[in-house]
Amino acid sequence: MLAKRKTFNPKHRFARAPVKAELERLARSAQYGGNPEHKKNPGDFGLTPPASPRRDKTLCDGAKIFQRKLALKLLREGIRRGLVSEQVRNGFPQNAWAVTDDGIPLEAQLENAGSGTYHGYPMAQDDAFRDKVIEKWNAYRE
């Protein structure tokens with residue numbers, strides 16, 4: 001039987017006052033790879049294995065993300081809005097967050113710091129940081 005995760009990363013924090021020009025640069029260079037563990041339907045992600053959902057993982061299917069183009073758009077928009085972590089690897093934030101049009105908060109995790117490639121997933125319902133993500137996303141003003 002799988003042990004249910006008791007807590008989420010307590011170190012999650014947004015970067016303090018990131019520079020807008022730097023966020024734009026990061027957003028343009030960020031890539032999206034995907035992870036078969038977060039998919040029932042592999043869509044056009046070209047994943048190997050095509051889909052390999054795990055019971056302890058949140059699935060992108062519930063957030064209606066079936067196209068890489070949409071995942072990349074959300075990742076880049078989250079970075080542009082400054083929803084990035086303090087922790088950085090090779091110039092890229094370790095995490096970035098976004099919210100779908102349906103109000104579902106997403107978390108992206110850096111999987112390849114050399115290329116700036118991320119994979120993402122919907123945040124779990126009991127992750128307290130999700131409320132902060134939604135609040136910051138909704139407060140964004142260009």
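**View 1. The whole chain, from one end to the other.** Of the 142 residues in this chain, 43% count as buried, a label for under 20% relative accessible area, with exposed meaning over 50% and partly exposed in between (1.4 Å probe, protein chains only). Please keep in mind that this is a predicted model, in which local features need pLDDT of at least 70 and side-chain atom pairs count only at pLDDT 80 or more, while totals for chains, interfaces and linings use all residues. Residues are numbered from 1 along each chain as its sequence is written, and side-chain values use heavy atoms, with hydrogens and water left out. The chain holds 3 helices and 6 strands, in the order α-β-α-β-β-β-β-β-α from the N terminus; helices (H or I, at least four residues) and strands (E, at least two) are DSSP runs, numbered from the N terminus. Among contacts (heavy atoms within 4.5 Å) between residues at least 6 apart in sequence, 54% join residues at least 24 apart.

View 2. Leaving aside residues up to four places away in sequence, Val133 touches Phe14, Leu83, Trp97, Ala98, Val99, Pro105 and Met123.

**View 3. The largest cavity.** On a 1 Å grid over the protein atoms alone, a cavity is a set of points where a 1.4 Å probe fits but cannot get out; a pocket is an open set with protein on both sides within 12 Å along at least five of seven lines, and lining residues have an atom within 4 Å of a point. The whole structure has 1 cavity of 30 Å³ or more. The largest cavity contains about 120 Å³ of space, the volume being that filled by probe spheres set on grid points joined across faces, edges and corners. Its lining has 14 residues, with Tyr32, Ala71, Leu106, Ala108 and Gly120 nearest the centre. At least two lining residues come from each of H2, E4, E5 and strand E6 (117-122).

**View 4. The second largest pocket and Glu77.** This pocket has a volume of about 230 Å³. Residues in its lining include Lys64, Lys73, Glu77, Asp101, Asp102 and Trp137, and H2 gives the most, with 4 residues. Glu77 lies in helix H2 and counts as partly exposed because its relative accessibility is 22%. Not counting residues up to four places away in sequence, Glu77 touches Trp137 and Tyr140.

**View 5. Tyr121 in strand E6.** Tyr121 sits in strand E6 and is buried, with a relative accessible area of 15%. Tyr121 and Ala108 are 13 residues apart in sequence and 6.5 Å apart in space, C-alpha to C-alpha. With residues up to four places away in sequence not counted, Tyr121 touches His38, Thr58, Cys60, Leu106, Glu107 and Gln109.
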